[in-house]
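Here is a short report on helix packing, ring pairs and backbone angles. Look at the model first, then read on.

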Amino acid sequence: MNDDIDDVLTRHLECFLEAWESNGFGPCLVEHLPKEDDELRRLVLIELIKVDLENRHASDGPVLVLEDYAAEHPELLIPDGMPVDLIYEEFHVRKASGETIITDEWLRRFPDKADQVRQLLQLDDDAPSNSLTGTQLSETWQPGDHIGDFYLMSALGTGAFGSVFLARQESMQRMVALKVSADKGQEAQTLAQLDHPNIVRVYDQTRLPEQNLRLLYMQFAAGGTLQSVVKASRHADIKTGAIVAQCIADALDHTGMLSSDNVSLKCGMAEKSWPEVTCQLGMELARALHYAHCQGILHRDVKPANVLLAANGTAKLADFNISYSADTEGSSPVAYFGGSLAYMSPEQLAAFDPLQSTTPADLDERSDVFSLGVLLWELMYGQRPFPDESVTGRGSEMLAGMIALRQNGIPERAASSTNAVERRLLSILKRCLAADPDDRYQSANELASDLGLCLQPRVARLMQECETGWRRLALIRPLTAFLLAAIGPHVLAAVFNYYYNDREIHAQMPAPVAKSFFRIVVAVNGVAFPVGFWLCIRFSRPVIAVLCQEIANTTVEAARTARLRAFQLSRFVTFLGITEWLIAGMIYPVALHALTGGLAAKWYVHFVGSLLICGLVAAAYPFFMTATLTMRSFLPALLKNDLLKTDDVTELHRLSEQSAWSLYLAGGVPAAGIMILLTTQEVTNDNSAFALRVLSIVGAVGFAIVLSLARSLQSDIEALQEASRFLATDD
């Protein structure tokens, strides 16, 4: 049915356009309307009027207004008055033709549509009817002029709502960024609530009622806007942080405030790869948004032109002209609703369309997260993720097309297989740009965390690879994976120890004693291993509980407890293993003594020594296996929605120290065991020769494996410690 309607519309529009080409004064609409079906006739009429409005303003013929069309075609107003998309079309056509716009004219003409018109045209209840645009302001005021207490030195930029100048505040003798705009809105009140290193700091405002102007003066960011960086990156053959450095240098030279020769970017940004630069700037902006959201403020116009750069490369979010704060007296979501369509989320576009049920009050912080995702995609790849320029039509038709593009998803893009940061960044951006808000990051803080971890290539690889291969299997069955890593090496050591001691006893003790030894082995292991399993399950419960449910649904406190416990798993299994082996070493000779009626002292030394050596060797392997499992699988999952905390950094340091000691155990204990065998026993003895061969092989092969795990583990720890310089907090 919809296809039939589209065909009818297309046919009538084509005929109408052909008539316009042959008749420069405009064809008669009634000749191009369907004869039957009132609903279809009205639909076609609305579309023909849109075409007629545009062509009349572009021709020398008489110009009509909507009331003229309604007088000739009364069915246009049935059943619910003038269609709001026609109101928007007339406003747009008249504004595009260069006509001076008095915005409250539409409120007087269509009082029954007042609320929808306010939303559609972004009108404030108290907005003056003849507010100047940013372009008009930039033409009225020029560098060299005085306005109020300010001397305008140079133009910094022009937007839809005002013009920004580098100015000298003469009463304070300081340089400021001065925004000249119409005296409306609550931007100053909104920004006054914000004090964050990545948000432009507002000093104060001055009103000039006689000129209907507001002067908002704020911290001057000398490095220009991120828009200049985006433009420069599109034409660069090799994209690195040097592009940012050059754009900032150009901005400094333009204002003459500082010498670009004496300024260097922070954190070595000029030498970083482009994905790392994108992550750095994105993390700072996400932090700024999170801070604003915590104050109850939505930005709703995140785009490169609204991001300023300090001389050292720090990103600063600006232009809260259309942001909404529930705490600002007299503000409402509708009053300050607007933004740049290309950076809007699907729900913000829907709220922008008066024909949709979504309203500005329905938007939340996830809409800002989407807009930041569009900005970062454009910064990374040189173009926005959605080809909005391909959408035709105006008003609701255009908005519907843009919403459809976002719901269809972003085009597939292959990340560099060798650049871990780019692969991880692409995954992050895809999540930001999900059409369904529930599939995005639920807060800007979560996004900041992922981008911050992505800054380190090795950490980016950890975060990305935890979703593949054995790491993914470990996350699906975390308890099974942990128990295999913690207990598995002890099973092999127990088999070796039993075989060695059984042959030793058979060689030197009567048969009844050998039988007693077997019963003791069964009893000890029948208790030790279940106890070990139970203790491991108990200790790992906070980690397993979080991993087995949706991480996003976990409380902050539970996630933090799980993360700290994950760091402690490897130390726990080491202590548990050595303790159980040492206890078993004391139980064996005591039990044999009780069963046989007496046991020589050398057997006490034999059992304690042999089980302690096995325990120390066996404990080293679970440490590295469990630590690797934690660092490669558990920890990346636990960090997905949170930042590193100071406690995490402390645990990383302890894990690094424990890694060194465990490496000594893995290499030193087998060597010590070999020395004991060589100095205390006849190596020609078959049992001693067997033990010597096993210790030699395990010592060589096992140490090589452990050394590889230790090096990898240490590199992971160092990368996370480096990332913690940007992320670690006490909160």
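Phenylalanine 539 and phenylalanine 572 are both buried, where buried means under 20% relative accessible area, exposed over 50%, and partly exposed in between (1.4 Å probe, protein chains only). This is a predicted model: local features need pLDDT of at least 70, side-chain atom pairs count only at pLDDT 80 or more, and totals for chains, interfaces and linings use all residues. Residues are numbered from 1 along each chain as its sequence is written, and side-chain values use heavy atoms, with hydrogens and water left out.

**Aromatic pairs**

A pair of aromatic rings is described by the distance of the centres and the angle of the planes. Rings of Phe, Tyr and Trp (its six-membered ring) pair if their centres lie within 6.5 Å; planes under 30 degrees apart count as stacked, over 60 as edge-to-face and the rest as tilted. The structure holds five such pairs. Two of them are shown here.

| Pair | Centre distance | Plane angle | Type |
|---|---|---|---|
| Phenylalanine 370 and phenylalanine 386 | 5.9 Å | 5 degrees | stacked |
| Phenylalanine 539 and phenylalanine 572 | 4.1 Å | 5 degrees | stacked |

Each pair links distant parts of the chain. Phenylalanine 370 is in helix 13 (residues 365–381), while phenylalanine 386 is in the loop between helix 13 and helix 14 (396–407), 16 residues apart. Helices (H or I, at least four residues) and strands (E, at least two) are DSSP runs, numbered from the N terminus. Phenylalanine 370 is buried at 0% relative accessibility. Phenylalanine 386 is buried at 3%. Phenylalanine 539 sits in helix 20 (residues 511–547) and phenylalanine 572 in helix 21 (residues 556–596), 33 residues apart.

**Two packed helices**

At what angle do helix 15 and helix 17 pack? Helix 15 (residues 420–432) and helix 17 (residues 457–465) meet at about 50 degrees, with axes 8 Å apart. Axes are lines fitted to C-alpha atoms, for helices over the stretch in contact, and angles run from 0 to 180 degrees between N-to-C directions. Helix 15 is therefore oblique to helix 17; under 35 degrees is roughly parallel, over 145 roughly antiparallel, 65 to 115 roughly perpendicular and the rest oblique.

**Positive phi**

Glutamine 173 is not a glycine, yet has a positive phi of about 50 degrees. Glutamine 173 lies in the loop between strand 3 (162–169) and strand 4 (174–182). Its relative accessible area is 58%, so glutamine 173 is exposed. Arginine 300 also has a positive phi, near 70 degrees. Arginine 300 is in the loop between strand 7 (297–298) and strand 8 (307–309). At 3% relative accessibility, arginine 300 is buried.
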